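Okay, everyone, thanks for coming.

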Amino acid sequence: MSVQNLKLLSDGYFELDMGMLVYAKTPYYGQKYMAALKPLLIQTDSDNILVDTGIGELPEKYRKFYNTDRQVTLQQSLAGEGLSPDDISMVINTHLHVDHCGNNRLFKNAKFIVQDSELKYAYNPDRFQKGGYIEELFQGLDFTTVNGDSEIVSGVTVLLTSGHTPGHQSIVIDATRSKLGKTFVYCGDEAPLEENLQKRNITGILYSQVRSLAAIDRLRSIKAEHIYSHDRTQMEI
Ligand SMILES: [Zn+2]
């Protein structure tokens, strides 16, 4: 079994303060950024795997907190690949912040993969992280939890890259046997923008600055094409 195809999908955009994307960089505070929502489709011989699911249609009471532009939804984006939500056999969530698991409930046939430490934290976040999690988006879903680095299917490995949240994971995809001919790493929110990695700038939403910088250094050490979770200048791979 091997990875056959990769495709960056879209669930539109949502507004973030640049200060949330890059830590302690003064000119960024107060600057608005329409952040891209970029789930990744991984197709193997036997699986259609999604990495993250965007923000989706939030429950009514939360909508006022998020300015979204979903002219393209994940469902439409999948349809463009000839797929319906029922075709997705697995969802790997980098973490359970609202903009990464918003559409999880669409995928009735999927097995959900998350770090054990992330799932526990999502139900009981610290006060300063509470705004990032909405329990209705993941409550009761059938998660398979992993602890640390783990190969999920042949060619798709999760790496524990905590810091942004306690159980954040990044995904390494070996597509060397596909027409793409290389390896990719989906950084998730440890590097939402290219500059997080290039300049070793951690994000502004943090569980641990120290761990986040270690995670960035770990991601930098991987010889692969890096995919940034919210960078709107990188929409194709
Ligand atoms: Zn996040």
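Before anything else, a salt bridge here is a side-chain nitrogen of Lys or Arg within 4 Å of a carboxyl oxygen of Asp or Glu. Also, this is a predicted model, so local features need pLDDT of at least 70 and side-chain atom pairs count only at pLDDT 80 or more, while totals for chains, interfaces and linings use all residues. Residues are numbered from 1 along each chain as its sequence is written, and side-chain values use heavy atoms, with hydrogens and water left out.

So, D11 and R70: they form a salt bridge, with the closest N and O atoms 2.8 Å apart. That pair links distant parts of the chain, D11 being in the loop between β1 and β2 and R70 in the loop between β6 (68-69) and α2, 59 residues apart. Helices (H or I, at least four residues) and strands (E, at least two) are DSSP runs, by the way, numbered from the N terminus. Both D11 and R70 are buried; buried means under 20% relative accessible area, exposed over 50%, and partly exposed in between, with a 1.4 Å probe and protein chains only. The two also belong to a network of salt bridges that links D11, E57, E60, R63 and R70.

Searching the whole structure turns up 12 salt bridges. Another one joins the side chains of E81 and K7, at 3.9 Å, N to O. Here E81 sits in the loop between α2 (74-79) and β7 (90-92), and K7 in strand β1 (residues 3-8), 74 residues apart. E81 is partly exposed at 30% relative accessibility, and K7 is partly exposed at 34%.

Then there's K32 with D17, closest N and O atoms 3.7 Å apart. K32 is in strand β3 (residues 32-36) and D17 in strand β2, so this pair ties together parts 15 residues apart in sequence. K32 is exposed, at 54% relative accessible area, whereas D17 is buried, at 17%.

Now the metal. Which residues coordinate the zinc ion? They're H95 (NE2), H97 (ND1), H164 (NE2) and D189 (OD), at 2.1 to 2.2 Å. Donors are N, O and S atoms within 2.8 Å of the metal (3.2 Å for Na, K and Ca), and water is not among the atoms, so sites may look incomplete. The four donor atoms subtend angles of 91 to 167°, so the arrangement comes out irregular. Along the chain, the donor spacing reads H-x1-H-x66-H-x24-D. H164 is in the loop between β11 (156-160) and β12 (169-175) and D189 in the loop between β13 (182-188) and α5 (194-198), so that pair ties together parts 25 residues apart in sequence. H164 and D189 are both buried.

A pocket, on a 1 Å grid over the protein atoms alone, is an open set of points with protein on both sides within 12 Å along at least five of seven lines, and lining residues have an atom within 4 Å of a point. There are 23 lining residues, and the closest to the pocket centre are F14, L16, M20, Y66 and I205. β2 (13-17), α1 (18-21) and α3 (98-101) each supply at least two lining residues, and β2 gives the most, with four.

Notes:
Tetrahedral: all angles 85-135°; square planar, octahedral: opposite > 155°, others 65-115°. 1 Å grid on protein atoms, 1.4 Å probe; cavity = no way out; pocket = protein on both sides within 12 Å on 5 of 7 lines; lining within 4 Å.
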